[in-house]
Amino acid sequence: MLIRLVIDLSMTVLMLVAMAYQITGNTMHELAGVLLCLLFITHNILNRRWYRTIFKGKHNVRRILSIAVNLLFLVSMAAVMISSVTISHDIIPFIPINNDTVPLQIHVMTSYWGFIFMAVHIGMSWATIINSVRKITGITGTSRIRTIAFRVIAVLIVVYGVQASFEREMIYKLTIYNPFGWKFNDSSMEFLLDHLAIMGIYISGTHYVLKFVQKQDKTNFQNKKVH
């Protein structure tokens with residue numbers, strides 16, 4: 001579990017580095033992309049048993065959502081990786097292509113979708129991640145004050161993330177390709193805070209939606225049991 005947590009954290013960091021193209025430049029962007037690709041493949045190898053169980057067992061709402069999100073994340077990342085090979089200038093510059101507009105468009109748009117699906121994917125596993133961190137750190141007890149504090153922090157992150165989403169025009173990045181690029185006069189810290197907050201929207205939203213779904217399933221099960 002510790003190895004998986006380290007890999008997932010490293011993938012998140014590399015995704016953010018790769019998206020900071022205007023800050024890092026092309027060589028660092030491509031290097032981060034290659035490392036991200038290798039870790040993504042490793043992540044899927046470590047979780048290969050999941051693919052064998054897709055069509056097995058009971059498919060409730062949570063499991064259907066999990067399968068859909070994971071497969072969409074897989075498809076978006078595959079599109080990012082395949083398109084990156086055709087538009088590489090530094091690491092794989094020897095593949096000739098006459099017009100890289102289409103693969104560049106696919107690469108940019110699917111990378112933003114991959115970013116969103118990654119955040120949702122993390123949100124679906126958030127309870128498991130928190131439990132693992134608790135075991136590693138030795139924090140096993142519950143605290144109402146700590147819970148309230150974390151929820152307040154989550155709300156603040158979401159509010160800031162919504163604002164950052166509008167300022168960075170995330171909806172257009174997911175739907176419209178801009179051949180001139182999306183330019184911002186960013187500092188590294190500003191870019192990092194904005195994108196972490198945007199991730200926070202989808203992590204928190206997914207986590208609490210799944211908690212609500214789980215609570216509803218439990219209530220429905222108990223009602224059926226009574227009747």
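User: How many helices and how many strands does the protein have?
Analyst: This is a predicted model, in which local features need pLDDT of at least 70, side-chain atom pairs count only at pLDDT 80 or more, and totals for chains, interfaces and linings use all residues. Residues are numbered from 1 along each chain as its sequence is written, and side-chain values use heavy atoms, with hydrogens and water left out. Helices (H or I, at least four residues) and strands (E, at least two) are DSSP runs, numbered from the N terminus. By that rule the protein has 10 helices and 0 strands.

User: Which element has the lowest mean pLDDT?
Analyst: The predictor's confidence in each residue is its pLDDT, from 0 to 100. The protein averages 85, and 89% of the residues score at least 70. Helix α3 (residues 26-46) has the highest mean among the elements, 92, while the lowest, 81, belongs to helix α7 (residues 126-137).

User: What percentage of the residues in the protein is buried?
Analyst: A residue is buried under 20% relative accessible area, exposed over 50% and partly exposed in between (1.4 Å probe, protein chains only). Of the 227 residues in the protein, the buried share is 33%.

User: Which residue forms a salt bridge with aspartate 194?
Analyst: A salt bridge requires a side-chain nitrogen of Lys or Arg within 4 Å of a carboxyl oxygen of Asp or Glu, and the count comes to 1. Aspartate 194 lies in helix α10 (residues 188-226) and its partner in the loop between α8 (144-167) and α9 (170-175), so the pair ties together parts that are 26 residues apart in sequence. Both residues are buried. The closest N and O atoms are 2.9 Å apart, and the partner is arginine 168.

User: What is the phi of glutamate 169?
Analyst: Most residues other than glycine have a negative phi. Glutamate 169 lies in the loop between α8 and α9 and is partly exposed, with a relative accessible area of 33%. Its phi is positive, near 55°.
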